[in-house]
Amino acid sequence: MNTRDILRRYREGSLSEDEAAGLLNGAGIRDLGHTRLDLDRKRRTGCAEVVFGESKTVGQMTEIVKALLETAGRALVTRLSPEKAEGLLAAFPGGAYNPASRLLVVGGNEAPSPGASCVAVVSAGTSDMPVAEEAAGTLEFLGTPVLRRYDCGVAGLHRLLGELAAIRRAAAVVAVAGMEGALPGVVAGLVEAPVLAVPTSVGYGLSLRGVTPLLAMLNTCSSGVSVVNIDNGFGAGFTAHLIARQVRADSRSGK
């Protein structure tokens, strides 16, 4: 029962003041024993809770996804191994699993609204694709159109320059890179949109499993770059969705 249901029942007289107050103290929370699920998040923020699947059991995730389907109509599970995905797909045969991004979607993606702003997801190399796909899949789940431009690293800068016309049409850019992490700073110097930089744990020796590109991105001299944590494609995709959603809202209001 969400907040509106509680208030409606109180107004109709089917709940006393004490009963309504008690329910409101836990409104939107479903206690599954192992998880206290925030079912009211979509109403508050526009986006339902997302399930981090890496350390949860298949049984726990099955209960969580069922609850999300009841309230939000769809569910996204991130960082899901193929073995766990097999178990969840047995419980939800209509689900779709992408082994590259390790994302599982149940209930389908949100349909983009008419005129929705797109986000460009740009990766430096093929080895960065799993993180880039996590960002792209998150955006698509949330209803934001995605422009994918992969293998555009600075070692062959002409590959990026050849895609600039398309990338410049995006409301935000997610730039994914490992090694020395130069791509986001270069992109930010060429486009008007904000850039979400994602360092990956791809690289030799002193890349330090992503620490080197993380520090390089944090120290970029290009303006307009915000950096998420190592391999956090989901975080970058989610934030880029919020930017694109706000751009669309501003265009509707004439700002």
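## Strand E9 and its neighbours

Which residue of E9 is the bridge partner of Ser 123? The partner is Val 176. This is a predicted model. Strand E7, residues 119-123, pairs with E9 in the parallel sense. Five bridges hold that pairing.

E9 also pairs with strand E10, residues 195-199. That pairing is parallel too, again over five bridges. Here Val 173 stands opposite Val 195 of E10. Between E9 and E10 the chain passes through helix H9, residues 183-188. This β-α-β crossover is right-handed.

## A covered strand

Is E9 mostly covered or mostly open? Strand E9 spans residues 172-177 and is mostly covered, with six of its six residues buried.

In a regular strand, side chains alternate between the two faces of the sheet. Both faces of E9 are covered. On one side lie Ala 172, Val 174 and Val 176, all buried.

## The four-stranded sheet

Four strands form an open sheet with mixed pairing, in the order E3-E4-E6-E5. Strands E3 (51-52) and E5 (96-98) stand at the edges. Each has a single partner strand, so one side of each lacks a neighbour in the sheet.

Strand E4 (residues 75-78) and strand E6 (residues 103-106) run antiparallel, joined by three bridges. Val 77 stands opposite Leu 104 in E6.

## Helices on the sheet

Helix H5, residues 82-91, packs on this sheet and touches E4, E5 and E6. The direction of H5 makes about 175° with that of E5.

Helix H6, residues 129-141, packs on the sheet, touching E4, E5 and E6. The direction of H6 makes about 15° with that of E6.

Note on methods. Residues are numbered from 1 along each chain as its sequence is written. This is a predicted model: local features need pLDDT of at least 70, side-chain atom pairs count only at pLDDT 80 or more; totals for chains, interfaces and linings use all residues. Side-chain values use heavy atoms; hydrogens and water are left out. Buried means under 20% relative accessible area, exposed over 50%, partly exposed in between (1.4 Å probe, protein chains only). Helices (H or I, at least four residues) and strands (E, at least two) are DSSP runs, numbered from the N terminus. Two strands pair if DSSP finds at least two bridges between them. A crossover is right-handed if, with the strands pointing away from the viewer, the path from the first strand over the helix to the second runs clockwise. Contact means heavy atoms within 4.5 Å. Axes are lines fitted to C-alpha atoms, for helices over the stretch in contact, and angles run from 0 to 180 degrees between N-to-C directions.
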